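Here is a short briefing on one protein model. Read it with the sequence and the 3D view open.

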Amino acid sequence: LVRYDEVVQEGLIDHALRFTISRSQTGFIHPATHQAGSTADANVPPMGARFRMKPGYSCAAFSAEVKVICTALKRYGMIVADNGSNWYLSGQHDPRWDDDALGDLKLIPGSAFEAVQTGPVLHNP
């Protein structure tokens with residue numbers, strides 16, 4: 001999860017983040033342990049697939065909060081963790097978040113990311 005204390009107080013996220021996509025493949029890659037998809041289409045990512053922000057993608061125009069998140073996305077990436085809105089990063093609920101500053105995340109296109117191979121696609125028995 002994206003945590004307020006890491007982003008605002010420490011200015012550093014030192015782990016991968018979780019995100020959602022609208023459609024996922026029937027299979028999973030570790031660290032995921034289950035599938036939630038409904039298609040065998042190999043062009044649709046499975047649970048556990050890792051994506052990393054491309055090194056050349058510039059976050060310079062974004063808020064300070066989103067710059068911290070971008071740094072983590074470039075270094076550690078993000079992992080498909082659930083079905084939901086496309087490219088939606090999950091964050092820890094905290095009333096101190098500035099929703100306007102986090103709104104910059106909506107400006108980052110899917111094309112800013114690349115898939116990172118993390119292992120074979122497994123299927124539930």
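In this predicted model, strand β1 (residues 17–21) runs parallel to strand β3 (residues 78–83), and the two pair over 5 bridges. Within this pairing, Thr-20 stands opposite Asp-82 of β3. The points below cover the sheet, the helices and the aromatic residues.

**Sheet**
- The sheet is open and is built from 5 strands.
- Their order is β4-β1-β3-β2-β5, with mixed pairing.
- The edges are β4 (88–89) and β5 (113–116), and each of these pairs on one side only.

**Helix α2**
- Helix α2 (residues 64–75) lies across β1, β2 (50–53), β3, β4 and β5.
- The helix runs at about 125° to β2.
- α2 has 12 residues and spans 17 Å from first to last C-alpha. That is close to the 16 Å expected at 1.5 Å a residue.
- Which residues of α2 are buried? They are Glu-65, Val-66, Val-68, Ile-69, Cys-70, Ala-72 and Leu-73.
- An α-helix has 3.6 residues a turn, so residues three or four places apart point the same way.
- Gly-77 follows α2 and has a positive phi, near 80°.

**Glu-6 in helix α1**
- Glu-6 sits in helix α1 (residues 4–10).
- Is Glu-6 buried or exposed? Its relative accessibility is 11%, so Glu-6 counts as buried; the cut-off for buried is under 20%.
- Leaving aside residues up to four places away in sequence, Glu-6 touches Leu-1, Gly-11, Leu-12, Ile-13, Asp-14 and His-15.

**Aromatic residues**
- The structure holds 5 aromatic pairs.
- One of them joins Phe-19 and Phe-51 edge-to-face, at 5.8 Å centre to centre and 90° between the planes.
- This pair links distant parts of the chain: Phe-19 is in strand β1 and Phe-51 in strand β2, 32 residues apart.
- Both Phe-19 and Phe-51 are buried.
- Phe-51 also pairs edge-to-face with Trp-87, at 5.6 Å centre to centre and 85° between the planes.
- Phe-51 lies in strand β2 and Trp-87 in the loop between β3 and β4, so this pair ties together parts 36 residues apart in sequence.
- Phe-51 has 12% relative accessibility and therefore counts as buried. Trp-87 has a relative accessible area of 34%, so Trp-87 is partly exposed.
- Phe-19, Phe-51, Trp-87 and Phe-113 form one aromatic cluster.

Definitions and conventions. Residues are numbered from 1 along each chain as its sequence is written. This is a predicted model: local features need pLDDT of at least 70, side-chain atom pairs count only at pLDDT 80 or more; totals for chains, interfaces and linings use all residues. Side-chain values use heavy atoms; hydrogens and water are left out. Two strands pair if DSSP finds at least two bridges between them. Helices (H or I, at least four residues) and strands (E, at least two) are DSSP runs, numbered from the N terminus. Contact means heavy atoms within 4.5 Å. Axes are lines fitted to C-alpha atoms, for helices over the stretch in contact, and angles run from 0 to 180 degrees between N-to-C directions. Buried means under 20% relative accessible area, exposed over 50%, partly exposed in between (1.4 Å probe, protein chains only). The expected span of a helix is 1.5 Å times one less than its number of residues. Rings of Phe, Tyr and Trp (its six-membered ring) pair if their centres lie within 6.5 Å; planes under 30 degrees apart count as stacked, over 60 as edge-to-face and the rest as tilted.
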